[in-house]
Amino acid sequence: FFAADNGELISSDSNGSTKFWNLNTGQCSRTLEYESAIKTFVFKSENELLAGTYDNRILTWDLNTNEIVNKLWAHRYSVQKILIYKKDYLISGGGM
């Protein structure tokens, strides 16, 4: 899905497993779990990953602990895209 600045690729499967892949070694460096599939990602900061889900939420993962620290009920349908605007504003779009 998404290539991070540190040479990692982030992928997600239909079971809610999100993996960080080291592009140099091809090895999985981290796995994050959630009960629904992830549709979109964006980094809020170096240690925070926002994820839009098929169950209509926006998650905030703390990458230091690999824990979800916030869940927003975002849309009536799945979250299709999320963006950070001027570091303080979250923009999201949902749809069927």
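Let's start with confidence: in the protein chain it is lowest in strand β10 (residues 89-94), with a mean of 51, and highest in β4, at 93. That score is pLDDT, the predictor's confidence in each residue, from 0 to 100. The strand names come from DSSP runs numbered from the N terminus: strands (E) need at least two residues, and helices (H or I) at least four. Over the protein chain the average pLDDT is 81, and 79% of the residues score at least 70.

Some ground rules. This is a predicted model, where local features need pLDDT of at least 70 and side-chain atom pairs count only at pLDDT 80 or more, while totals for chains, interfaces and linings use all residues. Residues are numbered from 1 along each chain as its sequence is written, and side-chain values use heavy atoms, with hydrogens and water left out.

Strand β2 (residues 8-12) pairs with β3 in the antiparallel sense over five bridges. To say that two strands pair, DSSP must find at least two bridges between them. β2 and β3 make a hairpin with four residues between them, and Gly 16 in the turn has a positive phi of about 90 degrees. Next, β3 is joined by five bridges to strand β4 (residues 28-33), and these two run antiparallel. Their hairpin has five residues between the strands, and there Gly 26 takes a positive phi near 80 degrees.

Is Ser 17 buried or exposed? It counts as buried, because its relative accessibility is 9%; the cut-offs are under 20% for buried, over 50% for exposed and partly exposed in between, using a 1.4 Å probe and protein chains only. Ser 17 stands opposite Glu 33 in β4, and a polar contact of 3.4 Å joins the side chains of Ser 17 and Glu 33. A polar contact is a pair of N or O atoms within 3.5 Å; within protein, one must be able to donate a hydrogen and the other to accept it, and residues adjacent in sequence count only if both atoms are side-chain atoms.

On to the open sheet. Four strands form it, in the order β5-β6-β7-β8, with antiparallel pairing. β5 and β8 (67-73) are at the edges with a single partner strand each, so one side of each has no neighbour in the sheet. β7 and β8 pair over six bridges in the antiparallel sense, and the bridge partner of Asp 62 in β8 is Glu 67.

What about the inside? The largest nonpolar core has eleven residues, including Phe 20, Tyr 34, Leu 49, Leu 59 and Trp 61. A nonpolar core is a set of buried Ala, Val, Leu, Ile, Met, Phe, Trp, Tyr and Cys residues joined through side-chain atoms within 4.5 Å. The elements giving two or more residues to this core are β5 (38-45), β6 (48-53) and β7 (57-62). Apart from it lies another core, of five residues, among them Val 42 and Ile 82.

Let's finish with Leu 59, which lies in strand β7. Leu 59 counts as buried because its relative accessibility is 0%. The C-alpha atoms of Leu 59 and Leu 49 are separated by 8.0 Å, and these residues are ten apart along the chain.
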